[in-house]
Amino acid sequence: MTPRITLAVAGRVLTQLRRDRRTLAMLLVLPCLLITLLWWVYNDSDPAVFDRIGPALLAIFPVLVMFLVTSVTTLRERSSGTLERLLSMPMGKLDFLVGYALAFGLAAAVQSVLAVSISVGLLGLDVLGPVWLLTLVAVADAVLGTALGLFVSAFAQTEFQAVQFMPALLIPQLLLCGLFVPRDMLPPVLEKVSDVLPLSYAVDAMEHLTVSSTTADVWQDVAVVSCFAVAGLALGAATLRRRTA
């Protein structure tokens, strides 16, 4: 991997994102709107519900949105022939994937700052831990979504197939991450399954920051999420084809 080439790929992706207003709106505006909608739903009936599930959704939304945008964008590069032309140049697969991860990671940082600022500053989400760490966890979650999106894009032939991976890969994690039922109350087999799913640790980190000011467990969860993200990029590099089938 060559840093100069990697940064050039990242710059190219950021330029494309700046010109694509619909994708920018999905990246930056949609999570904020969804969080606000959730707050509005429970504001009059039971405000405590937002404090309970809001942190989990701050972890889930970045993963879902970045997975969708990254996988579809990469497939668009392949279907247009751009990916094949790029990889025919002196560029390694890791240059391409890490460049994409850096670009979308920067977009994820902006997305996370906006979502956390609105949740804590405007909607009154109670957070006992440091708010900057809450933002860092959200960024790590978004990078995880980016890595998973890059990984599954290697197995899809069309953008529609990339979207089809979402229910197969992310919906089971959504059901087992603790959003609907606390993980320690799941059936034993499902609890064991949830222990090996990255989204479980993303949600755990967010929820811990809202109920405790200690950060040791949060850093452990962030480390696990980061390891899954690195593994996703490595698997993506191993499976990425240089030629379009």
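This is a short exchange about a predicted model and the reasons behind its labels.

Reader: How do you know how far to trust the prediction, and where is confidence lowest and highest?

Author: The mean pLDDT is 82, and 90% of the residues score at least 70. Helix α4, residues 82–87, has the lowest confidence, with a mean of 62. Helix α9, residues 188–194, has the highest, at 92.

Reader: What makes up the secondary structure, helices or strands?

Author: Helices. The protein has 11 of them and 0 strands. Along the sequence the pattern reads α-α-α-α-α-α-α-α-α-α-α.

Reader: How do you know that the radius of gyration agrees with a compact globule?

Author: Set the value against the rule. A compact globule of 245 residues would have a radius of gyration near 18 Å. The protein has 18 Å, so the two agree. The C-alpha trace spans about 55 × 40 × 35 Å along its principal axes. Of the 245 residues, 49% count as buried. Among contacts with a separation of 6 or more, 79% join residues 24 or more positions apart.

Reader: Why is Asp95 called buried?

Author: The cut-off for buried is under 20% relative accessible area. Asp95 has 3% relative accessibility, so Asp95 counts as buried. This residue sits in helix α5. Its C-alpha atom lies 25 Å from that of Leu28, which is 67 residues away along the chain.

Reader: Why does Pro55 count as buried?

Author: The test is again under 20%. Pro55 has a relative accessible area of 1%, so Pro55 is buried. Pro55 belongs to helix α3. Beyond its neighbours within four places in sequence, Pro55 contacts Phe50, Leu125, Met206, Glu207 and Thr210. Ile35 is 20 residues from Pro55 in sequence, and their C-alpha atoms are 9.9 Å apart.

Reader: What makes Arg183 and Asp195 a salt bridge?

Author: A side-chain nitrogen of Lys or Arg must be within 4 Å of a carboxyl oxygen of Asp or Glu. Here the N to O distance is 2.4 Å. The pair therefore meets the cut-off. Arg183 lies in the loop between α8 (171–176) and α9, and Asp195 in the loop between α9 and α10, so the bridge ties together parts 12 residues apart in sequence.

Reader: How do you know that Asp204 also pairs with Arg183?

Author: By the 4 Å cut-off. The closest N and O atoms of Asp204 and Arg183 are 2.4 Å apart. That is a salt bridge. Asp204 is in helix α10, and this pair links parts of the chain 21 residues apart.

Reader: What makes these residues a network, and how many salt bridges does the structure hold?

Author: The structure holds 2 salt bridges. Arg183, Asp195 and Asp204 are linked in a network. Side chains of opposite charge can pair when their charged atoms come close.

Reader: What makes up the largest nonpolar core, and which residues touch the most other members?

Author: This core has 42 residues, and Ile60 and Leu179 touch the most other members. Elements giving two or more residues are α2 (21–43), α3 (47–79), α5 (93–122), α6, α10 (198–211) and α11 (216–239). Helix α3 gives the most, with 11 residues. Leu179 touches Arg52, Ile53, Ala56, Leu57, Ile60 and Leu174, not counting residues up to four places away in sequence. A second, separate core has 23 residues, including Leu17, Val65, Ala107 and Ala108. In soluble globular proteins, nonpolar side chains tend to be buried together.

Terms used: Residues are numbered from 1 along each chain as its sequence is written. This is a predicted model: local features need pLDDT of at least 70, side-chain atom pairs count only at pLDDT 80 or more; totals for chains, interfaces and linings use all residues. Side-chain values use heavy atoms; hydrogens and water are left out. pLDDT is the predictor's confidence in each residue, from 0 to 100. Helices (H or I, at least four residues) and strands (E, at least two) are DSSP runs, numbered from the N terminus. A nonpolar core is a set of buried Ala, Val, Leu, Ile, Met, Phe, Trp, Tyr and Cys residues joined through side-chain atoms within 4.5 Å. Buried means under 20% relative accessible area, exposed over 50%, partly exposed in between (1.4 Å probe, protein chains only). Contact means heavy atoms within 4.5 Å. The radius of gyration is taken over C-alpha atoms; the globule rule is 2.2 Å times the number of residues to the power 0.38.
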